[in-house]
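Here are a few exercises to work through with the structure open beside you. Try each task before reading its solution.

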Amino acid sequence: MKLTETRRKELRISVDYTNMTDKYLGDKGISQKTLDSHKKIAKAAHAYVAENRGKDELFMGWTELPYNQDEIVADILETAKNIRKKFEYFVVLGIGGSALGPIMAFNALCHLHYNELPRSKRKGPKFYVEDNVDPVRMKELLDIIDVKKTCFNIISKSGATSETMAQYLIISDLLKKEGVDVKENVIFTTDASRGNLVKISNELGGVKSYVLTDGVGGRFSELSPVGLLPAAVLGIDIKALLKGAAAMDKFCKSPDIYKNPALMCATLQYIAIQDGKNIGVLMPYSDNLRYVSDWFAQLWAESLGKNVTLDGKPCHVGQTPVKALGVTDQHSQVQLYTEGPYDKVVTFLSVGSYKEKSPIPHGCENIPDVSFLGGHTMEKLIQAENVATAYALTKAGRLNYTIFLPEVNEYTLGQLLFLFELQTAYTGAMFNIDTYNQPGVEAGKKATFALLGKPGYELQRRDLAKAASDPDYII
Ligand code: PA5
């Protein structure tokens with residue numbers, strides 16, 4: 001993507017928080033005084049992130065990903081070129097932060113029916129991300145791909161995730177049965193030296209592998225090889241993606257909330273959460289952006305949902321992310337947002353220029369209720385509905401704000417991802433929690449190990465047997 005200075009300016013994404021303010025929402029809005037009184041905490045959060053950026057020991061290596069990957073990017077582009085030549089299918093096996101980014105970028109930047117396009121119209125192989133262990137899904141994927149012609153990218157930072165390792169066992173067994181040398185059809189993205197994928201690679205005699213560095217946690221890893229390799233295979237301009245992230249990093253240098261969009265979003269959300277707005281709805285008005293909501297849901301939920309502060313005080317903070325799609329969910333959830341409890345902040349993702357306009361032809365001239373649509377475009381219709389929904393929510397006194405993307409492309413998506421990552425980092429710092437851990441998911445993981453007989457979990461297995469369902473409560 002050619003990015004002249006003028007083009008960069010045209011493509012800058014912006015945050016419009018008009019509809020969060022008391023000027024437009026009356027007593028349901030946030031006053032200037034309230035915002036100003038949070039300048040200090042925002043400044044401290046900004047300082048925490050600025051001072052610790054790049055520190056692996058604090059899992060803040062993600063802040064440097066837009067700047068420190070020149071060699072890796074060159075290697076990824078070369079590998080992607082070879083994959084495109086050699087394979088008909090590219091399958092990511094991973095879960096959580098090792099899957100949501102690749103799904104999001106694929107959907108945002110490729111044709112919405114990419115896999116159905118003929119090969120000549122696709123930039124790369126057919127693409128699938130398998131982020132579940134639903135047995136039907138696994139079997140039905142295997143019904144449609146030819147494993148011999150498939151490159152499997154196994155992504156697991158820990159190399160210890162049962163779901164991903166189970167998938168690996170299935171595909172490596174199939175590859176062997178087909179007489180394929182497994183290492184020819186797999187690429188690992190994992191830790192430099194720890195975890196089972198490293199051991200497997202050694203056993204297989206060296207698998208092409210990309211390193212997910214220590215300081216980058218799963219949900220902050222989309223701009224690392226976790227996201228960059230799948231994106232490059234799809235022909236996505238990963239350099240522009242990283243440039244977009246760097247641009248947003250630059251826009252967010254100031255400790256002043258009025259000059260730093262991510263810090264403003266974090267402060268608004270922090271104020272709203274303190275005021276009982278426990279639900280955060282992300283509502284893109286774009287099918288291309290719909291999986292940004294899934295990616296963001298993990299980032300926001302896993303990072304902020306914590307029960308203890310950094311100095312050991314109980315807290316139970318967080319905001320429940322809800323995914324909605326404009327306009328589809330206007331016909332499903334917006335009734336609740338407009339008239340239900342005052343417990344939400346709605347964030348719209350709005351697009352200035354869609355890559356297609358889809359003109360609506362004139363017709364049904366004798367039926368004015370239909371004919372008024374003729375002569376417009378679907379772009380104009382979706383934008384009008386976006387504006388109208390924000391207006392209706394505002395009239396009903398509901399907090400909402402808009403992140404505006406002039407277009408959906410690599411450069412704007414890079415900005416958006418970095419904006420959300422910084423917003424999450426700032427908000428976590430304001431709550432004084434560990435934004436980068438996820439102790440709450442460990443208990444379930446260990447119980448699964450116990451149920452499946454993993455050595456070392458015998459005690460827990462006995463405890464689980466006792467905690468089985470009580471027939472008194474089954475109807
Ligand atoms: O954000 C996180 O760290 C998690 O959601 C992980 O991405 C997820 O649990 C998968 O872990 P791994 O990449 O180690 O397989």
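This is a predicted model: local features need pLDDT of at least 70, side-chain atom pairs count only at pLDDT 80 or more; totals for chains, interfaces and linings use all residues.

Residues are numbered from 1 along each chain as its sequence is written, and side-chain values use heavy atoms, with hydrogens and water left out.

**Exercise 1. Find how many residues of helix α6 are buried, and what covers them.**

Step 1: Locate α6 at residues 100-109; helices (H or I, at least four residues) and strands (E, at least two) are DSSP runs, numbered from the N terminus.

Step 2: Apply the burial classes: buried is under 20% relative accessible area, exposed over 50%, and partly exposed in between, using a 1.4 Å probe and protein chains only. Ten of the ten residues in α6 are buried, including P102, F106 and N107.

Step 3: Look at the cover, judged by contact (heavy atoms within 4.5 Å). It includes β3 (126-130), α11 (225-233), α12 (238-251), α14 (290-304) and α18 (410-431).

**Exercise 2. Classify the ring pairs F90 with F127 and F296 with F420.**

Step 1: Set the rule: rings of Phe, Tyr and Trp (its six-membered ring) pair if their centres lie within 6.5 Å; planes under 30 degrees apart are stacked, over 60 edge-to-face, and the rest tilted. This gives 13 aromatic pairs.

Step 2: The centres of F90 and F127 are 6.0 Å apart and their planes lie at 5 degrees, so this pair is stacked. Because F90 belongs to strand β2 (residues 89-93) and F127 to strand β3, the pair ties together parts 37 residues apart in sequence. F90 is buried at 0% relative accessible area, and F127 is buried at 1%.

Step 3: For F296 and F420, the centres are 4.5 Å apart and the planes at 35 degrees, so this pair is tilted. It links helix α14, which holds F296, with helix α18, which holds F420, across 124 residues.

**Exercise 3. Which rings have the charged ends of R12 and R398 over them?**

Step 1: A charge sits over a ring if NZ of Lys or CZ of Arg is within 6 Å of the ring centre and within 35 degrees of the ring normal.

Step 2: R12 sits over F251, 3.6 Å from the ring centre, while R398 sits over Y342 at 3.7 Å.

**Exercise 4. Describe the backbone at V327, H316 and C364.**

Step 1: Recall that most residues other than glycine have a negative phi, and most peptide bonds are trans.

Step 2: G326 and V327 are joined by a cis peptide bond, with omega about 0 degrees. V327 lies in the loop between β10 (320-323) and α15 (334-339).

Step 3: H316 has a positive phi near 55 degrees. This residue is in strand β9 (residues 314-317) and is exposed at 64% relative accessibility.

Step 4: C364 also has a positive phi, near 50 degrees. Its place is the loop between β11 (344-351) and α16 (368-371), and C364 is partly exposed at 44%.

**Exercise 5. Where is Y48 found, and is Y48 buried or partly exposed?**

Step 1: Y48 is in helix α4 (residues 39-52).

Step 2: With a relative accessible area of 31%, Y48 is partly exposed.
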